[in-house]
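Subject: Structure handover

Hi,

Here is the structure I promised to pass on to you. Have a look at it first, and then read on for what turned up.

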2 protein chains.
Amino acid sequence: MGRKREFDVDQALDAAVCVFWRKGYEGVSYSDLTQAMGVERPALYSAFGNKEALFRRALARYYERYLDFIPAALDLPTSREVVAHILRRAAELHTRYPDHRGCLGINGALACSDDAEPIRLALIDARAEGEASLRDRFERAKQEGDLPETANCTALAAFVMAVTHGMAVQAKAGFSRDMLEAVAEQALSTWPTGNSTLSRSHPEP
Amino acid sequence: MGRKREFDVDQALDAAVCVFWRKGYEGVSYSDLTQAMGVERPALYSAFGNKEALFRRALARYYERYLDFIPAALDLPTSREVVAHILRRAAELHTRYPDHRGCLGINGALACSDDAEPIRLALIDARAEGEASLRDRFERAKQEGDLPETANCTALAAFVMAVTHGMAVQAKAGFSRDMLEAVAEQALSTWPTGNSTLSRSHPEP
DNA sequence: CAATTAACGTAACGATCGTTATGATACTCG
DNA sequence: CGAGTATCATAACGATCGTTACGTTAATTG
């Protein structure tokens with residue numbers, strides 16, 4: 001019972017994602033949020049709780065709506081294809097929207113005040129989760145002969161994520177999609193190959 | 001004439017560098033600054049101007065005190081040595097100080113409010129300058145036969161900077177120096193070689 | 001149709017932001 | 001020594017931060 005909500009929560013959340021994506025957690029004020037979401041402050045608090053809770057909701061939505069290509073990439077047959085897909089899709093995503101470039105997982109909070117430290121740590125955790133799943137995928141690749149026995153899967157996953165993060169920084173600085181894709185190709189050119197037929201059965205063009 | 005300054009400007013500036021390095025431009029308040037620099041607010045204004053001017057001074061000092069290895073690296077004989085030196089020194093610098101990890105050039109302002117936009121652009125310019133000097137160095141390497149004729153020097157420079165920025169993000173997230181060095185080595189393993197004797201006359205161990 | 005309930009907009013909360021009067025203090029120069 | 005000046009610490013400025021009373025409006029329930 002009671003009055004029914006006059007705005008769509010999901011739609012408002014999408015708007016919040018865009019604002020945080022552009023300005024980061026601390027760079028966003030409630031004035032920014034109310035303007036972008038078309039919702040007055042008290043409605044935000046009743047629907048999402050405080051700013052921190054709203055950001056966490058926005059981050060979760062970002063991962064499921066924009067970073068869904070990462071779990072999808074993990075299903076590709078070779079580690080090289082996994083990496084190629086992640087790097088290329090990241091280059092595209094980071095330059096897709098001219099008014100909020102880069103990655104929310106990086107833009108959200110890199111260095112911040114003590115007040116925002118919980119958000120910074122939450123972003124670190126989120127990134128670490130993706131990196132861990134990538135490492136696990138590389139371990140599987142090693143077992144399959146797709147990566148050499150000597151491969152350091154932890155380091156390889158960290159390398160791929162480092163390039164992705166670096167591209168996000170450059171995207172926020174205005175780098176073109178083409179330039180980021182050139183960076184991605186350079187990163188790919190280092191990729192080790194195993195000795196099974198797996199990696200040769202899916203040649204890159 | 002008049003009263004003489006009771007604090008050392010350079011020393012205070014070094015303290016400001018550390019604070020901005022840790023919390024970024026917007027994450028730092030004047031309370032943080034006065035506490036870290038041991039100087040009251042009006043003295044900061046009279047010595048440095050406002051917060052934006054202070055940050056620009058701190059950024060300049062950061063480049064000359066901590067990023068001096070970049071111009072030094074450009075003088076090394078081969079492009080591979082240049083890149084190796086930059087990546088390894090970056091990995092070290094980004095993990096050197098436990099209480100302000102990463103890079104001021106990234107931590108300073110990645111995504112921010114509209115008020116801090118001038119600082120964000122200044123950081124972009126500063127990074128672009130280093131990237132351009134790296135590209136120019138690679139062009140020279142190409143002329144010397146140290147890089148193949150087909151090498152895309154702009155993309156190579158962007159790649160090296162992307163890895164550096166990615167390592168900075170990871171350093172701020174708590175990654176160890178060893179892990180960052182493994183990332184650097186992986187990046188190095190992609191490095192193209194020319195066909196002159198130059199690159200072979202300085203083999204890596 | 002009342003009674004109840006929840007979301008609405010307005011407007012204000014205390015705290016902190018970056019910035020600056022203001023008067024006291026310490027130094028230089030005539 | 002005394003006039004002048006620059007730096008000092010205290011304290012306050014208006015603006016904005018994230019957050020929330022409060023009275024009104026619209027929907028549901030008996």
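Which side chains meet in a salt bridge with N to O at 3.3 Å? They are those of B:Lys23 and A:Asp114. Before going further, please keep in mind that this is a predicted model.

That pair belongs to the interface of chain A and chain B, where the rule finds two salt bridges. Across the interface there are also 10 residue pairs in polar contact, with both residues at pLDDT 80 or more. On the chain A side, α1, α7 (104-107), α8 (117-143), α9 (153-172) and α10 (177-188) each supply at least two of the residues that touch chain B. The largest share of that side comes from α9(A), with 14 residues.

In total, the contact takes 41 residues from chain A and 41 residues from chain B. The size of an interface is often given as the accessible area lost when the parts come together. Here the area buried between chain A and chain B is about 3,100 Å², and carbon and sulfur atoms give 67% of it. Within chain A, the residues that lose the most area to chain B are A:Leu110, A:Val169 and A:Gln186, together 18% of what that side buries.

Now to the aromatic rings. Over all chains, the structure holds 22 aromatic pairs. One of them joins A:Trp21 and A:Tyr66: the ring centres are 4.9 Å apart and the planes stand at 70°, over the 60 degree cut-off, so the pair is edge-to-face. This pair links distant parts of the chain, 45 residues apart: A:Trp21 is in helix α1 (residues 9-27) of chain A, while A:Tyr66 is in the loop between α4 (51-65) and α5 (69-73). A:Trp21 counts as buried because its relative accessibility is 0%, and A:Tyr66 counts as buried at 9%.

A:Tyr66 also pairs with A:Tyr62, and that pair is tilted, with 5.7 Å centre to centre and 35° between the planes. Both A:Tyr62 and A:Tyr66 are buried.

One last item for your list concerns charges over rings. In chain A, the charged end of A:Lys51 sits over the ring of A:Tyr25, 4.7 Å from its centre. In chain B, the charged end of B:Lys51 sits over the ring of B:Tyr25, 4.7 Å from the ring centre.

Terms used: Residues are numbered from 1 along each chain as its sequence is written. Chains are lettered from A and ligands numbered from 1 in the order in which they are written. Side-chain values use heavy atoms; hydrogens and water are left out. Rings of Phe, Tyr and Trp (its six-membered ring) pair if their centres lie within 6.5 Å; planes under 30 degrees apart count as stacked, over 60 as edge-to-face and the rest as tilted. Helices (H or I, at least four residues) and strands (E, at least two) are DSSP runs, numbered from the N terminus. Buried means under 20% relative accessible area, exposed over 50%, partly exposed in between (1.4 Å probe, protein chains only). A charge sits over a ring if NZ of Lys or CZ of Arg is within 6 Å of the ring centre and within 35 degrees of the ring normal. Contact means heavy atoms within 4.5 Å. Buried area is the accessible area (1.4 Å probe) that two parts lose on being put together, summed over both. A salt bridge is a side-chain nitrogen of Lys or Arg within 4 Å of a carboxyl oxygen of Asp or Glu. A polar contact is a pair of N or O atoms within 3.5 Å; within protein, one must be able to donate a hydrogen and the other to accept it, and residues adjacent in sequence count only if both atoms are side-chain atoms.
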